[in-house]
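Subject: Structure handover

Hi,

Here is the structure we talked about. Please have it open while you read. My notes follow below.

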Amino acid sequence: MLRIGVIALQGDVSEHVLAMERALQGKGEVQAVRTPGIIPGCDGLVLPGGESTTISKQLASSEMAEELKKAVYAGVPLLATCAGLVLVSREIEGEMRVKPLGLMDTRIGRNAFGPQRESFEADLDVKGFDRPYRAVFIRAPAIVRVGEGVDVLARVGENIVAARQNSIMALAFHPELTDDLRFHDIFLKMLEERAISGG
Amino acid sequence: MELENLRFGTELLKRGFAKMQKGGVIMDVTTPEQAMIAEEAGAVAVMALHAVPADIRKMGGVARMADPAVIEAIIETVTIPVMAKARIGHFVEAQILEAVGVDMVDESEVLTPADEFHIEKTKFTIPFVCGARNLGEALRRIKEGAAMIRTKGEAGTGDVSQAVLHMRQIMGQIRSLKGMDELQLMKTAREIEVDLDLLAESARIQRLPVVNFAAGGVATPADAALMMQLGADGVFVGSGIFKSENPAAMAQAIVQAVHHYDDPQLLARVSKGLGAAMKGLDAASIPEAEALQTRGW
């Protein structure tokens, strides 16, 4: 039985729990993680959307930041959406307030598309998908630069909005708010591959 | 992906924005300096207004939208979302706030109402939050396009009792819908003057169809945790922070209290040594005509 932990410090946690449960189709359980000690027992992790300044402060003030890093270093798959994509990065443009975890070789522009007025839905062309994916961008960040080991999956204009590096998949949009679970399916495949390789 | 094929202002984007605020504290601020304190404390958003509700109550007169120059200065200062209040029914104030670039408009009973009708919120690109005392008010606002609901409570009092009353009222009414058949739902929809589909959805999911925060009288970490335990998705704090003795400490403590609302040990720790909370005003002592919560319907 797979166990997926959704880091529940702030943001749309219940939406992520429900979406992951739908994707799992009974093959595992999903838990909202509010306290230290649970992450080490998880086979996969989700860092949800919310306010990155708030989540970053909460992470830093608990042992969960270290637990999360340790899990990712050990190869536990991590799905990081929106604020999550900001937090896993190595660097944030012009930003001192949020301390990223430095897990992914990316440089981030926060609020890359402007205020909520400029939030948008778009049909994305995604590497490996045979038809467009409707993505929901809410005051979204974007990846403005990637290191060599990062696989770019989708762009909006010049901005990178979906990428993968080793066991991390980072999305600037919200797969938990729509019914299309193709990114969740990739994530579950990452879990299976890790189980097979005995990681 | 070409930039011209984007869709803006959809209901999914509006309600989605509100969902990103869940588990957070939204703080009233009147200056960029206060906004910085709020962000530093871990607020998920700030609400820009010209005076906190306790002062609005004291000053009397007509309360209006804040000066756009101040709102802009606050937007420049923080990276978290900035919300601002428009008068009930004053759609031009809302248009101005949208033009200035605020992330969400609070159509608020704290300001002096401009119309017997509320704003047609579906016509805007940015989302709205509205106050409600009961399920009828909440679902009418959602039908008009509100992407988020907050209890009205009694703003500017520091007395949490009215927020508790309104949260219990909304939750209780939703619970009472459980097991109703179509005809009973139709009858209830007529009685409380709401859209049947929204009522049926609330009955099915056993909560409001949008994010529901607590507001109107939250003044301490314990108040904030109380509202969370009663089922709020997050908390607005108005006068409670910048009318307290030590705003930065109070702001941080309330953020912690919302995150750890069900951990009494931690609540005890963060409640220690915060200095005096806002002085406050017993909501029961306010004459009916001076109550803010009766504005709107």
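Chain A and chain B are linked by 7 salt bridges. Bear in mind that this is a predicted model. One of the salt bridges pairs B:Glu40 with A:Lys57. Their closest N and O atoms are 3.8 Å apart, and the cut-off is 4 Å, so the pair counts.

Now the interface as a whole. The size of an interface is often given as the accessible area lost when the parts come together. Here chain A and chain B bury about 3300 Å² between them. Carbon and sulfur atoms account for 52% of that area.

Next, a helix pair within chain B. Two packed helices are described by the angle between their axes and the distance between the axes. Helix H6 of chain B covers residues 135-144, and helix H9 of chain B covers residues 196-205. They pack at an angle of about 120°, and their axes are 10 Å apart. That angle makes H6(B) oblique to H9(B). Their crossing is right-handed.

Who touches whom? From H6(B) come B:Leu135, B:Leu139, B:Ile142 and B:Lys143. They meet B:Leu198, B:Leu199 and B:Ser202 of H9(B). By class, this contact has 5 nonpolar residues, 1 polar and 1 charged.

Best wishes

Definitions and conventions. Residues numbered from 1 in each chain as written. Chains lettered and ligands numbered in written order. Predicted model: local features only at pLDDT ≥ 70, side-chain atom pairs only at ≥ 80, totals over all residues. Heavy atoms only, no water. Axes fitted to C-alpha atoms, helices over the stretch in contact; angles between N-to-C directions. Helix = DSSP H or I, 4+ residues; strand = E, 2+ residues; numbered from the N terminus. Parallel < 35°, antiparallel > 145°, perpendicular 65-115°, else oblique. Left-handed = near helix turned anticlockwise from the far one by under 90°. Contact = heavy atoms within 4.5 Å. Nonpolar A, V, L, I, M, F, W, Y, C, P; charged D, E, K, R; others polar. Buried area = accessible area lost by both parts, 1.4 Å probe. Salt bridge = Lys/Arg side-chain N within 4 Å of Asp/Glu carboxyl O.
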